Amino acid sequence: MNCYALGIDFGTLSARAALVSVADGAVAASASHDYPHGVMSHTLPCGKPLGPGWALQHPMDYLQALEAIVPAVLKKAGVRGDQVRAIGVDFTTSTTLPTLADGTPLCTLPEFLHEPNAYVKLWKHHADSQARHIESIAREMGISWLHNTGGRISPEWPLPKLMQILEECPALFDKTDLYLEAGDWIVWQLTGQFSRSASYADSKNFHENGYPPPAFFEKVHPRFAGILDHQFRGPVLPLVSCAGILTERMAEKLHLPAGIPVAPAMVDSHAGAPGAGVDGAGILLSALGTSACHILMDEKNLDITGIAAKGMEGIVPGLCTYEANQSMGEVLAWFLDHACPARCLQDAQAQGLSLHQYMNEKAALLPPGGRGLIALDWFNGNRSILVDSRLSGMLLGLTLRTQPEEIYRALMEASAYTMRTILENYEHQGLPIRKIIAVGGVARKSPLLMQIISDVTGREISVSAAKEGPAQGVAIVAAAGTGLFPDLPSAIRAMGQGAEKVYRPGSWQTQYEQLYREFIRLHDYFGRGENEIMHWLSSMH
């Protein structure tokens, strides 16, 4: 009888399940479900307006999606529940929420329905001033964990977001028994056992063989004095392990038998690596989607700058995992949603195309730089290598003749330039890249952007055949962690997928070299302190 591992990928807008054969990693079926509330950036469900920069979600959406996709994927595959031998979960990070001691989300309590801080703070919600304060304290006290983050504290991480709760709604902080990653919360709902995954704690939450001393948290804020015994308490489990077994209650909802082992949750970008067959040093895994994460493993544990995080054995035992991030698909989506003329949508509909497809076709007819445009893609700040959420986007070269497809292509090119800064930052600090493998929606759906990336970086880019990306990867990790394989490398060799397509640098390299040099001049001028105009503008929000 064939057996399967179930991978469940919680993304920014939807959740996806993939049923993956343990024998060879083939996907028997997949299913997805959009979150009913989506990303709440303007109002709460009650209609209360949100200020600029909020990015919230409703945790009940995750359970609704879970209860929809698991029965659907079993039905599509024609697989019985007793053939599922392991369950793995990955989640966007850091996506965090406050709960009671029994896991009840505080946003579901009547007294907090109108409080924005009670809801899930999505990864792209920024607690900027809090992050800068925490970073200054960590530097002052010489907290070693800073070596894992390039010396910076991201406003996306749990501690800054919890500090925002404390500062803006002390009553909510007092009610918060636990503050945790949404991935850990989902595993808790599946198993009935609370734990934290080292995948999150080590890379996003100050945990490296234990947390910093209590004195650090108390100096960040006096009311954080008991945080390690309260909001941050709980066992931290290694990634390749078992967090518990599926409860009777959840088994009934998911049409599965109780008792299936469930692995600890995993950072979504990291999950793509096992699915793509990445199991060694020097292979860059680029997960390209709404945002982009560039994961590199190496035997060396180096203290480097310009990264988002690193952690020993973050994915494969014995290797140090480095992570750098950037915005990508969300920048193009912003342009189409808010700045693209209505006539473009009308033309796309007349041709039976989506707006993305239509703009890709128009942009593909243009040379590098279009007709004289260059952009900085910092529409949600710069996550790497500058690690500055107060930076903002820019378009240079606009004229009365500028067309929408020229802007669209300029934003694509800016994403490629930023990716090149990340690759060069790795290599300049002693981490060679011998191969690049791409996964995710952008890698699969935008040949134009993939070719631009290859031309700009001057490198071959292989697109993984793992169509379900993180869902496949986390299924592989779950298969190893719950005992179906002796270790993770064995699981990757059996279930990982090869390359489906390879992009190679083409004839535009010379033009892109010149444009990249100009991009770097703008990048350093606005991003490294020579001109503080972007920080000043950010303070006006």
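Select the whole protein chain and show its contacts (heavy atoms within 4.5 Å). Of the contacts with a separation of 6 or more, 73% are made by residues 24 or more positions apart. What you're looking at is a predicted model, where local features need pLDDT of at least 70, side-chain atom pairs count only at pLDDT 80 or more, and totals for chains, interfaces and linings use all residues. Residues are numbered from 1 along each chain as its sequence is written, and side-chain values use heavy atoms, with hydrogens and water left out.

Now switch to cartoon. You'll find 19 helices and 22 strands in the protein chain, counted as DSSP runs: H or I of at least four residues for helices, E of at least two for strands, numbered from the N terminus.

Next, colour by burial, where buried means under 20% relative accessible area with a 1.4 Å probe, protein chains only. Buried residues make up 60% of the 541 in the chain.

Then select residues 59–77, which form helix 1. Its 19 residues reach 28 Å from first C-alpha to last, close to the 27 Å expected at 1.5 Å times one less than the number of residues. Which residues of helix 1 are buried? Among them are Pro59, Tyr62, Leu66, Ile69, Val73 and Leu74.

Last stop: click Gly78, which follows helix 1 and has a positive phi, near 65°.

Key. Buried means under 20% relative accessible area, exposed over 50%, partly exposed in between (1.4 Å probe, protein chains only).
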